[in-house]
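This briefing covers secondary structure, sheets and helix geometry. Please keep the structure at hand while reading.

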Amino acid sequence: MAIIKASAEAIAANSSSETEKLASVKKHKPKNTIIGVGNGLTEKIMHIVFLICSSVAIIALLLITIYMISSGAPIISKVGLKDFIFGDKWAPTKEIFGISPMILTSVFGTIAAILIGVPIGLMTSVFLAEIAPKSVVKVVQPAVELLAGIPSVIYGLLGAMIIKPLSYKIEMLVFKDNPEHIYTGGANMFSAVIVLAIMILPTIINISRTAIIAVPEEYREASYGLGATHIQTIFKVILPAAKSGIATAVVLGVGRAIGEAMAIILVAGNMANMPEAFNSVKFLTTGVVQEFAYSSGVHREALFGIGLVLFVFIMIINIVLNLILKGKAKAK
Amino acid sequence: MAELNNSDIKIVTKDVNLFYGDNHALKDVTLDILSNKITAFIGPSGCGKSTYLKTLNRMNDIVPNVKISGKVLLDGEDIYENGVNVTYLRKKIGMVFQKPNPFPMSIYDNVAYGPRVHGIKSKARLDEIVENSLKGAAIWEETKDRLKQNALGLSGGQQQRLCIARAIAVEPEVILMDEPTSALDPISTLKIEELMSQLKEKYTVAIVTHNMQQAARISDYTAFFLVGEMIEYGETQQIFSRPKNKKTEEYITGRFG
Ligand SMILES: Nc1ncnc2c1ncn2[C@@H]1O[C@H](COP(=O)(O)OP(=O)(O)OP(=O)(O)O)[C@@H](O)[C@H]1O
Ligand SMILES: [Mg+2]
């Protein structure tokens, strides 16, 4: 850069002697400063660019927080925090807004989906990383990666087509001697949990597999060298060594499950009942999605209240899981 | 090398050939490893020393596309025969690797790993094994107060001695060491060399090393490898003072001066 500038100046300098003098002054005196200023400037500009970019994220987060609080708080002060969160009846037409059934549904739905999805996903990732022949991996791996990108509403559609009828059959079997049971037709907690579990599988599989593959070859050698079998090596060395990656997979799975609405709205039944396997249920997310369009007034305010609760929830989960992960990393 | 009792021979390898795909990595290797002696394997890089060592406890089984022919006998039994229990074989023939490779777990769990894998559950028994193995690898004093700490917090030299402790915890008969000191400082190296001299009282030791002085210092027998062939094998003293083969001489003298 500096050289080009200097030669350009030199060419310009040929035209007149006066400019020649100027040019030579320019050429000599500021030579170092030109380089210095040039670099310093790009540095500064880049710093500002980085600053702006990162501020956008922070400002967005701030705005969301402020907006959620300002629009969710009124209903909570109207109904009272305790009645809103612990109230077990949700009847918008009668202006009764208790969301504990939805909170419990979201919490237990997520936990159940994780309990089902994590072991299956982990086993699959072990299979793909350690056991499956290359030819199988070549087919299955891209398929799993693709699954992770499929829009969640498609999981919902498949759930409505396949899981729901299945769940209805089970429901009829379980409750055939119980005339009091209100049949859900398969649109219930059970179906929603299964759909959620399936939906988080690709995330769990992909991230755990990456973590397993990253376990150094030396650990495997050491284990085999001591006479351990392949299975012993997997469970006693490889999985423990990959545990922080696997924990990340679980965290992302939790995040995906608790924030999901589209996949489960088609199979959950959407009634604000307490979460039992064969009850129609409403999640925090599905409640908002389903009722928003026809809500108005206090009802709409209540939906914002639900949004605020969900928001706080996800914040807490993130912070707690992060602390746990960091604690683990330190213990290491 | 003449007039040996059969009971002195721990491992016999006869006409061993090994291919990695098309790469002929071992060519007709025939030699006997003697009980309670240290046998050193020397030779330039890529000549098959590690490969040879790994044929002795079938660590090559893990590598895809390996073909092995010839015979490897441990106490007269062919280890490549059908029906050989590889797990049991590797319990008998332990291995220490070039790069210290403790597991990312506590010192205690590292040493207890092998015994646990082989079915020992009693806490008292494990405690005893861990202590004895760490003592046997001359690292007990440094670690006895921090057995619950992560092994990755140890220095490289300590890690390698821990790996030796881990290997002897399963009570092997043979210990294979593939350049065990190449990643270590001189003081740690010295410690491990001293350790090896003690180990040979109980175990048969085979060691690969690029360090001529090390081979000369610690081993009883030395084998010289060159591009997959075993060129010369004999008592260490003889190999280093009066090598019979011209190539051996060139290699040894080239290294020294
Ligand atoms: N896992 C493997 N797959 C394919 N080829 C291999 C493998 N391991 C070793 N080889 C090849 O076999 C030959 C012998 O390698 P080996 O590692 O036994 O040499 P070495 O004498 O131990 O060398 P070094 O002193 O560098 O450790 C080399 O040509 C090497 O490329
Ligand atoms: Mg080697």
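The expected span of a helix is 1.5 Å times one less than its number of residues; helices (H or I, at least four residues) and strands (E, at least two) are DSSP runs, numbered from the N terminus. This is a predicted model, in which local features need pLDDT of at least 70 and side-chain atom pairs count only at pLDDT 80 or more, while totals for chains, interfaces and linings use all residues. Residues are numbered from 1 along each chain as its sequence is written, chains are lettered from A and ligands numbered from 1 in the order in which they are written, and side-chain values use heavy atoms, leaving out hydrogens and water.

**Helix 5 of chain A**
- Helix 5 of chain A (residues 100-131) has 32 residues, which at 1.5 Å a residue should span 46 Å; the 45 Å between its end C-alpha atoms agrees with this.
- The helix has a kink of about 25° at Gly117(A), shortly before the proline Pro119(A); the bend at a residue is the angle between axes fitted to the seven residues ending there and the seven starting there.

**Chain A overall**
- Chain A contains 14 helices and two strands.
- Of the 332 residues in chain A, 38% are buried, meaning under 20% relative accessible area (1.4 Å probe, protein chains only).
- Carbon and sulfur atoms account for 72% of the accessible surface of chain A, which is about 18,600 Å² (Shrake-Rupley method, 1.4 Å probe).

**Six-stranded sheet of chain B**
- This open sheet has the strand order 6-7-8-3-9-10 and mixed pairing; two strands pair if DSSP finds at least two bridges between them.
- Strand 6 (93-96) and strand 10 (229-235) of chain B each have a single partner strand, so one side of each lacks a neighbour in the sheet.
- On average, neighbouring strands of the sheet are turned by 15° against each other, direction ignored (axes are lines fitted to C-alpha atoms, for helices over the stretch in contact, and angles run from 0 to 180 degrees between N-to-C directions).
- Four bridges join strand 3 (residues 38-42) and strand 9 (residues 221-226) of chain B in the parallel sense, and Ile42(B) has Phe224(B) of strand 9 as its bridge partner.

**Four-stranded sheet of chain B**
- The order in this open sheet is 2-1-4-5, with antiparallel pairing.
- Strand 2 (23-34) and strand 5 (77-78) of chain B are the edge strands, each pairing on one side only.
- Strand 1 (residues 9-20) and strand 2 of chain B run antiparallel and share eight bridges; Val16(B) has Val29(B) of strand 2 as its bridge partner.

Definitions and conventions: Buried means under 20% relative accessible area, exposed over 50%, partly exposed in between (1.4 Å probe, protein chains only).
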